[in-house]
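Thanks for asking me to look this over. Here are my notes, in numbered points, to read with the model open beside you.

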Amino acid sequence: MKVSLTVNGKDVTADVEDRTLLVHFLRDTADLTATNIGCETTSCGACTVLLDGESVKSCTVLAAQADGHAVTTLEGLASESGEMHPVQRAFHNEHGLQCGYCTPGMVMAIVSLLKENPSPTEAEVRTGLEGNICRCTGYHNIVKAALAAASTPEGAK
Amino acid sequence: MSILGTRVIRTEDPRLLTSGGVYVDDLREPDLAGAVRATFVRSTVAHALITGIDASAALEAPGVVAVLTVADMTDLPAPPPAEPLPDDAPPQEGPAPVGGVWQEPLLAVDRVRFVGEPVALVLTDSTYAGEDVAELVSVDYEPLPAVPSIAAALSEESLLFPDAGTNVVVRGARPIGDDSIFDGCEVIVEGDVVNQRVACLPMEGRATAAVWKDGKLTVWTSTQNAQLSRLILTAVGLPPDAIRVVAPDVGGGFGAKIGVDREQIIIAWAAKHTGRPVRWVETRNENLLAMTQGRGQLHHIKIGGDREGHIKAYRLDVVQDSGAYSRMGGFLPMLTNLMAPGVYDIPKVEANYKAVVTNGTPIAAYRGAGRPEAAATIERAVDWYAAEAGVDPAVVRKRNFIKKEQFPFVTKMGAPYDTGDYESALDKVLAAADYEVLRAEQKRRREAGETMLLGIGLASYVEITAADAGAGETAKVEVHDDGTATVYTGSSAHGQGHHTAYAMIVTAELGIPMDKVEVIHGDTDLIPDGVGTYASRSLQLGGSAVQKAAIEVKEEAGKKAAELFEAAEEDVELDAEAGVWRIKGDPDKSLSWAQVAGQADNGLIVANVRFTADRPTFPFGTHLSVVEVDAETGKVTLLRHVTADDAGPVLNPILLEGQRHGGIAQGAAQALVEEVLYDEDGNPLTATLMDYGAITATELPSFELLTSETPTSVNPLGVKGIGEAGTIGATPAVHNAVIDAVSHLGVRHIDMPMTPVRVWTAIQKASAQKVSAQ
């Protein structure tokens, strides 16, 4: 079937199998490989992207369901001039990543979290990240990064 | 001021944070264009004979390229010759035999030994077609009695390898004696401690892409060591120099990506066999079925001492579950034996082990690999003994520590501890946690009859890092005539931050700014010789190698600078702060690195070294956990985790803290939530992340890290490994905290993971015993 999405501001249209998952559409059709697959069961959040501004796990959304909608991936987060989003910057400053595999999903989840709750407590950040698994950082610096990003004026953009 | 010891944020991150890493599935190499997708047909039964494989329907399906079974593997060399069988006289110690009657095949030959064992390989033109086609491959099994546990293996009622005549792969050499070592002990505790099987669970599973072109096999694979992988991949029947292995970004390893497994060999073979580029990226389900898992030890312990808290004797008997194929055999329990007495100077220690095969996923290294098991049990045993003797566990630890002035210290098990100050690490943690205040609050809650109980758990640990110090690590440092430097390292980062750490070392030695230092790893064409990243060895061996190479580059550069200055070598010096060469005493004249390198042949100064250490290092520390246990539901909440982890001088505190955080979380996860489970037929019950309890941010607090730096003389950086400290210290601290919370109710031990039902049941049992005793 034919699917048309706006991905990071650009139109991507393709004929795909009906069963194509959004994550495969992003990776294989739009050739945006930052979004990773970690579990296929909606458990780990590595594939988190924004669908019309809200976080979704793209391994459990059909590309067809996203037809006509706008998707933002990690690649679309920095400004046009290449300046990192405050959440990306906070991950860098706070050592919020090690192997980097969960990172795109974590960053997108936190962008979405801060949109909903611009000044979360530590407990609220931890609850908000329940659906995202990281195996390297023990979450300590990811939580720090989320709180640091929240404290910047443009963190909840 | 040297850059070493400062908080430098990682150079790796901007790329990972903006475009994402390039993991195997992200590779867009031209040679991989049109690569076929590989999907394994895996055994659905734990133990069975294969009586037939019918691929006819699969071969008719849309998208299929090939269906390969062991019958197609006629172009492979024979497996390595048989190694001797284990023998009780004298018993074999060390890695178990892995060939011969214990041989792990590539694709299953006529028998399967665990659910998930590869039986056939399907190649298709898309991922989705792969799953469809694999379902159409029909495999007939004749089931055999399953061996789903250590107990079943030891019963020898069903044998995985009938030709071996036993399920016991290897036995340790130190027999357990009679009970005379406990003579004179006033307090003796004896019991079983389970160190359960857990999944390594890197967020990126295993993944491999392979191309056979112009007589060369190129294999991109998610590994902790490209060079070892290349050696293993010679199993496809090629010499090492006909194989190039590349480790692109690797999404975590934790020991399970040391080298490559049979699947990666099969993928490499399939590319060569079919002439098509092949890519395989495992699903999480496959990962939880077939990536090697960790721990899986059953311990029988006995500990004795006097009523004042002096431990007199300790015995540890280990049975290692090796899973279906003994990848590391006796190696893991051998390390557990070696580290059995931990941080204590115990007059009499006995330890032994055996390793058995079961119808489960093979077990190999997982963050700590044999040492967490030792620490978990001695620390549990010490608390158990302390509770029985009625002495505060902190006091018992202090009474029995190896003292600072006793180092270097060789333990009763023969471990040559280099340096340590165990009491200082414990004191720091007790002070930072406000131990006495916590004990008072615990008492208050108990006396008030509150149901939210407080538990305080301690673990003082020592571990062995860079156990294979003699293998060392390689480094090549080049300085180019544009003033940049390139580091080639044989170690292989998969999240640790080697690129930042090694660039810092070069900057410290040569004064070349970090942004002009490139670090390259994980490509056997560029770095044919290397060892890799495991056993917390990278900084102490790989980092020392980089430093050694940088020093050699500096010596060579000094000669070139002298030529350019037309001065004597001894009159020129490197100003490492400014990154320029000078004539001593003449601040006006200087030469840049670009000028000095330009004076060398080909505009390049290069040093190629291997650094080896003559022995391992022994980092140590103390962890303190504070938990709340709901006595009515058994639910545990981890409130605080305070640690002092001493790995010598710190090169970059940010990286060190990151390693500790991750290890603590994994250690706490084993104590609280994680366990790989099988039913009585050997069917896995935890084969997706819906069922396997990976720990999340909600279950953990932020951690409280204290600093402690006791240098070693084993390497010039004075450093020890930090990568595995977290799992080694955290598991017993959390474990002890939960039992401490309910100890006044009569609970002496609860096996991990301490799920609400286990904790609740232990409370109920202890209460019932109290009632019946009254």
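1. A word on terms before we start: the domain bounds used here come from an automatic or database domain assignment. Please also keep in mind that this is a predicted model. With that settled, chain A splits into domain 1, residues 2-76, and domain 2, residues 86-150. Taken over C-alpha atoms, the centres of these two domains of chain A are 21 Å apart.

2. How do the two domains of chain A meet? Domain 1 of chain A brings 15 residues to the contact, and domain 2 of chain A brings 13. On the domain 1 side, two elements of chain A give two or more residues each: β3 (48-51) and β4 (54-57). The largest share of that side, 3 residues, is from β3(A). By class, the domain 1 side that touches domain 2 of chain A holds 7 nonpolar, 7 polar and 1 charged residue.

3. Next, the interface between the chains. Chain A puts 43 residues into this contact and chain B puts in 42. Four helices of chain A supply at least two residues each to the side that touches chain B: α2 (86-93), α3 (103-116), α4 (122-128) and α5 (140-150). Which of the elements gives the largest share of that side of chain A? That is α2(A), with 4 residues. The side of chain A that touches chain B is made up of 19 nonpolar, 16 polar and 8 charged residues.

4. Chain B has three assigned domains: domain 1 (35-69 + 107-144), domain 2 (369-465 + 618-773) and domain 3 (469-611). Between the C-alpha centres of domain 2 and domain 3 of chain B there are 41 Å. Where these two touch, 14 residues come from domain 2 of chain B and 13 from domain 3 of chain B. The domain 2 side of that contact in chain B counts 6 nonpolar, 6 polar and 2 charged residues.

5. Do have a look at the three-stranded open sheet of chain B, where the strands follow the order β4-β2-β6 and pair antiparallel. Its edges are β4 (111-112) and β6 (138-143) of chain B, each pairing on one side only. Strand β2 of chain B, residues 48-54, is joined to β4(B) by 2 bridges. Within that pair, B:Leu49 sits opposite B:Arg111 of β4(B).

6. Two hairpins in chain B share strand β23(B). In one, β22 (residues 572-575) and β23 (residues 580-583) of chain B pair antiparallel through 4 bridges, with B:Val572 facing B:Ile583 across the pair. There are 4 residues between these strands, and B:Gly579 in the turn has a positive phi of about 70°. In the other, β23(B) pairs antiparallel with β24 (residues 586-592) of chain B, again through 4 bridges, and B:Arg582 is opposite B:Ser590. This hairpin has 2 residues between its strands, and its turn includes B:Gly585, with a positive phi of about 80°.

7. Finally, the largest nonpolar core contains 298 residues. Which residues have the most contacts inside this core? They are B:Val278, B:Tyr385, B:Val506, B:Ala668 and B:Val738. Helix α9 of chain B (residues 371-389) provides the largest share of the core, 11 residues. Leaving aside residues up to four places away in sequence, B:Val738 touches B:Gly455, B:Val627, B:Val629, B:Val636, B:Ile750, B:Met754 and B:Val759.

Note on methods. Residues numbered from 1 in each chain as written. Chains lettered and ligands numbered in written order. Predicted model: local features only at pLDDT ≥ 70, side-chain atom pairs only at ≥ 80, totals over all residues. Pairing = 2+ DSSP bridges. Core = buried A, V, L, I, M, F, W, Y, C linked by C-beta atoms within 7 Å. Buried ≥ 20, exposed ≤ 12 C-beta atoms within 10 Å, placed from the backbone. Contact = placed C-beta atoms within 7 Å. Nonpolar A, V, L, I, M, F, W, Y, C, P; charged D, E, K, R; others polar.
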